[in-house]
Amino acid sequence: MRTEIRFSGFGGQGVVLMGYIMGNALALHEALECVMTQAYGPEARGGASSSNIVVSKEPIDYPFVQEPDILVALSQEAYTKFRPTAKDGATIIIDNGLVDPSAEDNTHGIPATQFAEYLGRRIVTNVVMMGFVTAVTGIANRESVEKAIEATVKTKTIPLNLKAFAAGFDYALEKELAK
Amino acid sequence: MSNRRVLTGNHFMNGDIATAEGAMAARIGFFAGYPITPSTEVAERLARRMPEVGDTFIQMEDELASMAAIIGGSLAGKRSMTATSGPGISLMMENLGLAAMMEAPCVVVNIQRGGPSTGLPTLAGQSDIMQARWGSHGDYRIIAYSPWSPQEAFDLTVLSFNMADRYRVPTLLLADEVIGHMVERVVIPEESEIEHWERKKPTKPPNGRFKPFEALDDDLVPPIAHAGEGYKVHFTGLTHDERGYPDMTPDTHQKLVTRLVEKIRVNADDIIRTEDYQLDDAKIVLISFGCTARSARRAVRDAREQGIPVGLLRMISIWPFPKKIIKELASNADTFIVAEMNLGQMSREVERHVSQPVVGVNHAGGEMISPEKILKAIKEVAGDV
Amino acid sequence: MSEMIVVQDHPLDNIIRKDRMPHIWCPGCGIGIVMRAYATAIQETGIPLDQHVVVSGIGCTGRVAGYMDIDSYHSTHGRALPFATGIKLGNPDLTVTVISGDGDLASIGGNHLIHAARRNIDLKVICVNNFNYGMTGGQVGPTTPTGAFGTTAPYGNPELPFNLPFLLAASGANYVSRWTTMHIREMKKEFLYTYSKPGFTFTEIISPCPIGFGKSNNIDTGLEEMELYRRRCELVRPGELPLDDLDINLIEDKPIYVGRFVDRDNPPFSPAKPKEEK
Ligand SMILES: Cc1ncc(C[n+]2csc(CCOP(=O)(O)OP(=O)(O)O)c2C)c(N)n1
Ligand code: SF4
Ligand SMILES: [Mg+2]
């Protein structure tokens with residue numbers, strides 16, 4: 001089974017890092033094949049940017065995301081641009097503090113930016129979201145993603161990032177329990 | 001980052017960085033380059049990594065200089081490499097010819113982007129296939145490999161250094177932007193498991209006259225002496241005799257240039273790398289390489305599910321051309337299809353060697369050819385069979 | 001015809017590739033004089049000959065590499081400096097000299113020239129300036145005086161020439177000097193001096209090319225041009241003249257300034273090393 005995931009947002013939100021960390025977790029800490037791609041050049045500047053991963057049990061041939069099974073949107077512009085690219089029945093995950101989804105859309109939301117601000121560093125918004133995505137989709141084990149975070153971010157910032165991840169992850173669990 | 005030369009372990013890295021780490025693992029000693037998308041990450045990685053282990057990285061003023069510098073570095077005894085793309089590889093063609101003529105082992109990485117000219121700086125191409133083979137003036141041969149994954153970018157960079165040294169020939173890593181920029185798992189083996197082939201050296205100490213261009217072995221590769229080893233060598237881009245002395249006569253030219261070409265031809269079986277997928281009973285032979293081969297494999301798998309007898313020959317080496325293998329496949333095939341991100345370069349080469357129809361699946365560059373497009377071509381051909 | 005003198009041993013026997021003689025240079029050409037000064041100088045450096053490397057580009061001057069019986073490299077037109085940069089960085093223990101022509105170094109290789117000087121990389125450059133492209137038959141080049149004739153300037157050179165010492169000084173070379181092929185002793189002494197001087201050194205040698213430049217400009221023989229040097233050369237001490245006054249106009253009756261113009265000790269290029277971790 002081939003699963004396609006697209007992380008999107010505006011420049012500076014750490015969208016590429018989200019793809020990299022999730023890909024790292026899947027490729028190195030789960031027994032899965034995974035490819036990550038991103039847009040380069042004019043496309044990657046300003047506006048809505050994205051990073052993309054394809055996950056599968058088998059070797060991946062075509063490396064690009066065609067119709068995401070999971071779409072993560074951290075900005076309204078990204079949501080508007082990429083929502084139509086997602087598969088029917090795709091899992092749509094948004095920062096619901098920043099994105100106002102269309103009425104009929106069935107989304108999973110977390111105010112990730114607010115969480116990050118509460119933790120004192122807006123810059124970890126993406127990692128809060130990673131925690132939420134991990135819990136909502138179950139695509140990777142929590143430990144795998146945590147290991148990927150530890151291997152990727154600056155050593156000094158590991159505790160903060162793990163806290164951010166936990167915040168997102170726990171929020172998802174609470175929401176699920178509440179349901 | 002790490003003071004280790006070989007980053008043994010599992011990594012999630014892109015093809016450019018894997019290429020740089022392949023060079024590290026191959027014990028590169030000298031890198032000279034000039035930034036150009038999409039190859040820049042190779043230089044950036046090596047700029048950080050090489051000094052960690054005491055190797056020399058230099059950013060030159062342009063690609064003419066970069067290519068000239070790595071020849072110098074190589075002839076001073078260091079494994080030397082440069083990396084470029086698009087307009088940069090065109091500038092390097094001048095001294096690629098010099099490397100061929102001086103038989104200076106070196107590795108030239110070309111992360112292909114769309115051309116001609118400035119073309120598509122950030123998007124993929126596979127249209128330097130013929131340039132790699134014929135880009136500098138005159139008759140000569142080079143070796144070229146084309147990876148289809150970051151893992152293979154690592155592996156083939158190591159192999160390129162080994163081949164360059166074994167055959168005293170410039171070797172190109174003809175990757176493409178898709179492979180250069182896509183991130184995938186790369187497993188770097190233990191340092192002791194990385195093959196390292198030494199250059200053939202003079203067997204006698206430096207007295208009398210060593211001939212750096214005298215090939216006495218069947219492989220037609222002369223031993224090499226480096227600057228500072230006492231052999232008082234002379235290297236020139238002019239037509240030269242076995243001592244390396246200029247001798248601009250038709251006979252010497254014929255002898256030298258023929259050997260430069262034959263050296264690769266007689267060793268082709270050792271140099272060529274291909275991979276088969278579902279080829280055993282294939283009536284339709286699909287040929288592809290680099291990133292396009294990934295789509296090709298999916299297309300073959302899908303076509304097989306529909307009962308179409310198609311198989312894939314993935315060219316891992318691009319030059320020398322796998323003439324023998326293609327001829328063998330031709331004995332059983334009805335049609336060849338060549339999928340490549342250019343307007344028909346490799347398909348021309350295939351056409352030269354088979355009598356069957358050769359169908360091209362092409363795109364000028366900028367986006368990968370999709371599996372669907374290749375599948376469609378396979379189905380069309382199968383409908384005719 | 002003078003009588004042929006057979007000499008058994010020549011002091012430069014162990015350093016010139018005898019098996020490559022006779023050389024290709026025309027009678028009256030100055031390049032041989034420069035090569036001889038270079039060959040003599042490196043024997044006195046105290047650096048073993050097998051640690052000396054010579055690199056040339058393409059041109060009549062470029063042929064020097066082919067005659068020196070040391071590790072010698074005849075690269076492509078204009079690329080001697082980057083090629084030599086590779087050798088030097090590939091094996092920093094070697095002493096690397098670049099000998100090439102004005103066209104090779106300052107025109108097709110001009111970008112490499114200013115950047116090698118900017119880096120102040122430890123290369124010893126000897127530029128034989130004969131004001132034209134000798135090898136290809138007397139075309140004008142980057143040092144040809146305005147108004148001088150050449151086979152591609154039948155109406156006189158419409159362009160302004162480079163003042164090489166000025167260019168090299170501005171680019172960052174540690175050492176810049178100019179001599180003519182008449183200054184045999186100074187040449188050798190100055191070459192020798194450059195081997196004790198780390199960084200990029202540039203020695204311009206004004207040299208007759210009777211076949212290329214001379215023929216088009218009424219300087220019929222090498223000797224005649226040497227005579228002209230003798231008459232017009234003026235020795236300049238460092239700082240005595242502004243560098244931009246050092247241009248040469250061979251075809252007008254103006255002084256030819258020679259001397260050591262720049263002699264400084266800026267740090268030479270050394271490859272990057274990681275910062276020590278604290
Ligand atoms: C790329 C290239 N362009 C042109 C030439 C032809 N060419 C050979 S030597 C030369 C000029 C050499 O002039 P200079 O460097 O002043 O040396 P000289 O012969 O005067 O000593 C030229 C243009 C060449 N060999 N390569
Ligand atoms: S053409 Fe000029 S530079 Fe060349 S050998 Fe003759 S005299 Fe010397
Ligand atoms: Mg000249």
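Reader: Which residues hold the magnesium ion (ligand 3)?

Author: In this predicted model, the protein donors of the magnesium ion (ligand 3) are Asp102(C) through OD, Asn130(C) through OD1 and Asn132(C) through O, and they lie 2.1 to 2.2 Å from the ion. Along the chain, these donors follow the spacing D-x27-N-x1-N.

Reader: And where do Asp102(C) and Asn132(C) sit in chain C?

Author: Asp102(C) belongs to helix H4 (residues 102–108) of chain C, whereas Asn132(C) is in the loop between strand S4 (124–129) and helix H6 (164–171) of that chain, so the pair, 30 residues apart, links distant parts of the chain.

Reader: Is Asp102(C) buried or exposed, and what about Asn132(C)?

Author: Asp102(C) counts as buried, at 1% relative accessibility, and Asn132(C) is buried as well, with a relative accessible area of 3%.

Reader: Switching to the chains: which pair shares the most contacts?

Author: Two pairs of chains are in contact, and of these chains B and C share the most contacts. Chain A and chain C, on the other hand, are joined by no contact, and their closest C-alpha atoms lie 15 Å apart.

Reader: How many residues does each of chains C and B put into the contact, and how much area do they bury?

Author: Chain C contributes 38 residues and chain B contributes 41 residues, and between them the two chains bury about 3,100 Å², with 56% of that on carbon and sulfur atoms. On the chain C side, Tyr73(C), His74(C) and Phe83(C) supply 17% of the area that chain C buries against chain B, which is more than any other three residues.

Reader: What about polar pairs and salt bridges across that interface?

Author: There are 25 residue pairs in polar contact across the interface of chain C and chain B, and the count of salt bridges between these chains is five. One of the bridges is formed by Arg209(B) with Asp19(C), where the closest N and O atoms are 3.9 Å apart.

Reader: Which elements of chain C give two or more residues to the side that touches chain B?

Author: They are helix H2 (64–67), strand S2 (71–74), helix H3 (80–90) and helix H5 (110–119) of chain C, and H3(C) gives the most, with seven residues. By class, that side of chain C has 13 nonpolar, 15 polar and ten charged residues.

Reader: Why can Lys376(B) and Glu380(B) be described as about one helical turn apart?

Author: Because they are four residues apart in helix H13 (residues 371–384) of chain B, Lys376(B) and Glu380(B) are separated by about one helical turn. Their side chains meet in a salt bridge of 3.7 Å, N to O. Lys376(B) counts as exposed at 56% relative accessibility, while Glu380(B), at 48%, counts as partly exposed.

Reader: What does Lys197(C) pair with, and is Lys197(C) buried or exposed?

Author: The side chain of Lys197(C) meets that of Asp265(C) in a salt bridge of 2.7 Å, N to O. Lys197(C) counts as buried at 5% relative accessibility, whereas Asp265(C) is exposed, with a relative accessible area of 61%.

Reader: One last topic: where does Asn342(B) lie, and what is it in contact with?

Author: Asn342(B) lies in the loop between strand S15 (335–340) and helix H12 (346–351) of chain B, and at 1% relative accessibility Asn342(B) counts as buried. The side chain of Asn342(B) makes a polar contact of 2.9 Å with the side chain of Glu340(B). Leaving aside neighbours within four places in sequence, Asn342(B) is in contact with Gln126(B), Ser127(B), Ile129(B), Asn362(B) and His363(B).

Definitions and conventions. Residues are numbered from 1 along each chain as its sequence is written. Chains are lettered from A and ligands numbered from 1 in the order in which they are written. This is a predicted model: local features need pLDDT of at least 70, side-chain atom pairs count only at pLDDT 80 or more; totals for chains, interfaces and linings use all residues. Side-chain values use heavy atoms; hydrogens and water are left out. Donors are N, O and S atoms within 2.8 Å of the metal (3.2 Å for Na, K and Ca); water is not among the atoms, so sites may look incomplete. Buried means under 20% relative accessible area, exposed over 50%, partly exposed in between (1.4 Å probe, protein chains only). Contact means heavy atoms within 4.5 Å. Buried area is the accessible area (1.4 Å probe) that two parts lose on being put together, summed over both. A salt bridge is a side-chain nitrogen of Lys or Arg within 4 Å of a carboxyl oxygen of Asp or Glu. A polar contact is a pair of N or O atoms within 3.5 Å; within protein, one must be able to donate a hydrogen and the other to accept it, and residues adjacent in sequence count only if both atoms are side-chain atoms. Ala, Val, Leu, Ile, Met, Phe, Trp, Tyr, Cys and Pro count as nonpolar, Asp, Glu, Lys and Arg as charged, and the others, Gly among them, as polar.
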